[in-house]
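Here are my notes on this model, point by point. Please keep the structure open while you read.

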Amino acid sequence: MKNIQESEFSSEVLNKRGVLVIVDFWAEWCGPCRVLGPSLEKIVDEIKSRGDMVELVKVNVDECQEVARKYEVFQIPTVKAFFNGKMLGEFVGVKENLEDFIRNFIEDMLKKAKSSDSSDVGEGEEEDDDYYEDDGWDDDWEYEDWEDGEDDGYDDEEGDEYGSDDGSWSDDDI
């Protein structure tokens, strides 16, 4: 386990090749971070002892605000898994059956890392959305996807404001 600074993020996470890098975004004042940290270290050490290529780095969000912002860390603790510069997955918070959850998360990330052919992904390249868990949202949604030419009740044509033909308000429009 290594605590890294912003200047080390590229070399210790993004530029590592052939190693699953688990990044623990944390803060000293964060109680749940203090619960997660030791369990995360224990499971990573356990998996490393089997010969799997996995490393744990810790990023203090108070000291590394730009990295936290760039990787959209809005809550802590947040754990993200990177392989060959590409983020494979993440989780936020402390979960029930914490050690089993962490073990399963890392095992899943190792499977993704082994099955991916991402050795050509370099720093700054976009992550592949296929690696993220399905959150139910259509990330490729665009305005045109719902624009069907029908009156939507908004002022998109003159005289079409709020659903009335003359642009005036009535109690029926509300």
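1. N97 counts as exposed, at 59% relative accessibility. The cut-offs are these: buried is under 20% relative accessible area, exposed is over 50%, and partly exposed lies in between, with a 1.4 Å probe and protein chains only. N97 sits in the loop between β5 and α4. Its phi is near 50 degrees, a positive value in a residue other than glycine. Most residues other than glycine have a negative phi, and most peptide bonds are trans.

2. A word on the basis. This is a predicted model, in which local features need pLDDT of at least 70 and side-chain atom pairs count only at pLDDT 80 or more, while totals for chains, interfaces and linings use all residues. Residues are numbered from 1 along each chain as its sequence is written, and side-chain values use heavy atoms, with hydrogens and water left out.

3. Look next at the loop between α3 and β4. E72 is placed there. E72 has a positive phi of about 50 degrees, although it is not a glycine. E72 also counts as exposed, at 54% relative accessibility. P77 is found in that loop between α3 and β4 too. The peptide bond from I76 to P77 is cis, with omega near -5 degrees.

4. Now the overall layout. The chain has four helices and five strands. Helices (H or I, at least four residues) and strands (E, at least two) are DSSP runs, numbered from the N terminus. Along the sequence the pattern reads β-α-β-α-β-α-β-β-α. Of the 174 residues in the chain, 37% are buried. The chain exposes about 11000 Å², and carbon and sulfur atoms supply 44% of it; the areas come from the Shrake-Rupley method with a 1.4 Å probe, and for residues only the protein chains shown count as cover.

5. Contact means heavy atoms within 4.5 Å.

6. Which residues have the most contacts inside the largest nonpolar core? They are F9, V13, V23, F25, V59 and F82, in a core of 22 residues. Such a core is a set of buried Ala, Val, Leu, Ile, Met, Phe, Trp, Tyr and Cys residues joined through side-chain atoms within 4.5 Å. α1 (9–14), β2, β3 and α3 (65–70) each supply at least two residues of this core. The largest share, four residues, comes from β2. Another core, of 21 residues, lies apart from it, with L36, F91, F105 and I106 among its members.

7. F82 then contacts F9, V13, L14, V19, L20, V21, V23, Y71 and M87.

8. Turn to helix α4, residues 98–115. Its 18 residues should span 26 Å at 1.5 Å a residue, and its end C-alpha atoms are 26 Å apart, which agrees. The expected span is 1.5 Å times one less than the number of residues. The buried residues of α4 are L98, I102, F105, I106, M109, L110 and A113. They cover an arc of only 135 degrees around the axis, so they lie on the same side of α4. The arc is that of the directions from the helix axis to the C-beta atoms.

9. What do the buried residues of α4 pack against? Their partners are β2 (20–26), α2 (31–49), β3 (54–60), β4 (78–83) and β5 (86–92). The face turned away from the buried side of α4 carries the exposed residues K111, K114 and S115.

10. The structure holds 13 salt bridges. Each is a side-chain nitrogen of Lys or Arg within 4 Å of a carboxyl oxygen of Asp or Glu. One of them joins D24 and K58, with the closest N and O atoms 2.7 Å apart. D24 lies in strand β2 and K58 in strand β3, so the pair ties together parts that are 34 residues apart in sequence. D24 is buried, with a relative accessible area of 1%. K58 is buried as well, at 9%.

11. E90 and K80 form another salt bridge, the closest N and O atoms being 2.7 Å apart. The pair links distant parts of the chain: E90 is in strand β5 and K80 in strand β4, ten residues apart. E90 is partly exposed, with a relative accessible area of 28%, whereas K80 is buried, at 3%. Salt bridges that share partners also join K2, E8, E12, K16 and E55 into one network.

Notes: Lists of a residue's contacts leave out its neighbours within four places in sequence.
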